[in-house]
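Hi everyone, thanks for coming.

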Amino acid sequence: MALRELASLEKYLGLKKPNKYSTQGDKKVPVLQNNDADPLVGLVTIACHLVKEAKRPELLGDGAEGRAVVQQWLEYRVTKLDSHTEDTKSILKDLNLYMQDRVYLAGNQLTLADVLMYYGIHSIILDLAVQEKEQYVNVARWFDHIQHHPGVRRHLPPVVVLRNRLYTSRHH
Amino acid sequence: MCFVVFFLKDFAKDRYGVSAMVQSQQKLDRALVRVEDLTPHKVDQLIWLRARVHTSRAKGKQCFLVLRQQQFNVQALVAVGDRASKQMVKFAANITKESIVDVEAMVRKVEQKIESCSQQDVELHIERIFVISQAEPRLPLQLEDAVRPDGDGEEEGRATVNQDTRLDNRVIDLRTTTSQAIFRLQSGVCQLFRDTLTKKGFVEIQTPKIISAASEGGANVFTVSYFKSSAYLAQSPQLYKQMCICADFDKVFCVGPVFRAEDSNTHRHLTEFVGLDIEMAFNYHYHEVIDSITDTMVQDRYQTEIQTVSKQFPSEPFKFLEPTLRLEYTEALAMLREAGVEMGDEDDLSTPNEKLLGRLVKEKYDTDFYVLDKYPLAVRPFYTMPDPNNPKYSNSYDMFMRGEEILSGAQRVHDPQLLTERALHHQIDLEKIKSYIDSFRYGAPPHGGGGIGLERVCMLYLGLHNVRQTSMFPRDPKRLTP
């Protein structure tokens, strides 16, 4: 899974030469063998490295605060989303509240945080019923926006997010 | 020692009390006024009425009562004065709730509208009050609780009554204004069905309910002992409706019980319900049948009843289009696929997909009632006429209210040869349906029809959530009484 994400990320970043990854441990943590230095271990570490390699530092956030927020979400992706320590409903609830008045997770532009959170949350959103997508309307809106960003979706199937509300507040 | 006890002389003692049981001892020439007729035009008249004591509450030298008759209620007052004594006021205050009383009273105008009663402009000043039938003091449920909206109960710490308690004490539960409204509406739905069809030349028929073979399939049928053998309770009048068409009755309908031994404990299944069934011979196209059916379903009457029910069970008002919206199955598939649902061309609609489709249709067309036409042949019964142009589809339709199915119908196969083929295709034992196939051997007109569940239609029309609310004495796998 993580390897597919990294491959998609490389394509999105426009990196010409795809890297060769290996994995370690039962959790299949991705490893990138770096020629000169120590190997890079972990999805987030490697992803950040790729962003720097592609010379797209803005994807890591704008300014000190912006960069901190991006890192926070990258950490959230690995510690909360991937590890299944939180139950799905509370993740969606928190994210829905957070996204109430935001277009992107960090700042006003697409960052690596949006991309990796999109990859990570895709399977959850895919399984939501129309009614649930309406319940977490801000998450759905953000998700639809990110999946339509040119070049981001790649290996993942599109998820239908309806424009119009089908369920009013007093639904059957 | 002697005790001297004083009795305050009760000057009003002839004007109140518990009456002797009415055993038709006498024919009193007394007109009783209906509570619903207590309007300002009756002010200053002395009238008699018979009603239930909904509440009675003493306040010093007065006793306030609310007298109720079905959906209507009125405030009444017994006050110590020249007509009523202290003992009479005390008597009135102690009359148990739900007791039936005969009351003679002056109708008086009120300054401020009495919001809590149906008769808001007048109140009764009681001169005589007699108990005709006393209710036991401990009621199994309180009508105020039974009529309270569910949400309110939790918020204000007041009780509501759960469904099982209501159903166990149905006689009292049916007295609530909501129940009265629901079943009057139900009566109206039946009436509209009959009136509409009779005007179109339909004949009402009665079909047997004790039959020799399961009409819809052997799984969900009740068996009864029939002298030395067994018989079944009819799952639908299907067979007999069609036989009537072959017997030249042309257009028929029947209203009667339907028995389904389905062990489904859901909000919309009953083991016994009332079927409104229709079957008609048509000239050239089965859409003539669909139009006849939809005409029986759409009406604007009974607004008062609908309002009353929505006080306890708020819901979105029911919307429909004229003419009724008719979608083809392929269109529905497209709408569902656009919403992210994956379905094969010949798949049946699952209940969640039906509900989602209902929402999509509501959003797109703003209607709660529509017809879905041309179902895939594979998912319909063997007697369904295949589509003439596309063998994968059929001349069959379902109708939906608020996203839930209320009717399944079709053009039937009226040719015995084709019928035999279809039966064989469905691996049905031809012996078991021999008399059915025989009905079509001596000239049978093209015909079609469908069946509706009365309780389900009322439930959906009113936006209620459980079919037991629209069945007076519901039957389900767990309930056989009252």
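**Salt bridges and their surroundings**

Across all chains, the count comes to 34 salt bridges. Please keep in mind that this is a predicted model.

Let's begin with one pair in chain B. The side chains of B:Arg50 and B:Asp102 meet in a salt bridge, at 2.6 Å from N to O. B:Arg50 lies in strand E2 of chain B and B:Asp102 in strand E5 of chain B, so the pair ties together parts that are 52 residues apart in sequence. Are these two residues buried or exposed, or something in between? B:Arg50 counts as partly exposed because its relative accessibility is 33%, while B:Asp102, at 6%, counts as buried.

Now to another pair. B:Glu98 forms a salt bridge with B:Arg52, and their closest N and O atoms are 3.9 Å apart. This pair links distant parts of the chain: B:Glu98 sits in the loop between helix H1 and E5 of chain B, B:Arg52 sits in strand E2 of chain B, and they are 46 residues apart. B:Glu98 is buried, at 4% relative accessibility, and B:Arg52 is partly exposed, at 22%.

One more pair, please: B:Asp368 with B:Lys362, where the closest N and O atoms are 3.4 Å apart. B:Asp368 has 8% relative accessibility and therefore counts as buried; B:Lys362 is partly exposed, at 24%. Going back to B:Arg52 and B:Glu98, salt bridges that share partners join them with B:Arg68 and B:Arg175 into one network.

Next, have a look at strand E14 of chain B, residues 369-373. How many of its five residues are buried? Five of the five are. B:Phe369, B:Val371 and B:Asp373 point one way from the strand, and B:Tyr370 and B:Leu372 point the other way. What about the strands it pairs with? E14(B) pairs with strand E13 of chain B in the parallel sense, over four bridges, and B:Glu328 stands opposite B:Asp373. Strand E15 of chain B runs antiparallel to E14(B), joined by five bridges, with B:Tyr370 opposite B:Phe400.

Last stop, the surface. B:Ile210, B:Tyr226 and B:Phe227 form a nonpolar patch there, with about 380 Å² of accessible area together. B:Phe227 is in the loop between strands E9 and E10 of chain B, and at 77% relative accessibility B:Phe227 counts as exposed.

Technical notes: Residues numbered from 1 in each chain as written. Chains lettered and ligands numbered in written order. Predicted model: local features only at pLDDT ≥ 70, side-chain atom pairs only at ≥ 80, totals over all residues. Heavy atoms only, no water. Buried < 20%, exposed > 50% of the residue type's maximum accessible area, 1.4 Å probe, protein only. Helix = DSSP H or I, 4+ residues; strand = E, 2+ residues; numbered from the N terminus. Pairing = 2+ DSSP bridges. Patch = residues over 30% accessible without salt bridge, like charges linked within 9 Å, V, L, I, M, F, W, Y side chains within 5 Å. Areas by Shrake-Rupley, 256 points an atom, 1.4 Å probe, with all protein chains shown as cover. Salt bridge = Lys/Arg side-chain N within 4 Å of Asp/Glu carboxyl O.
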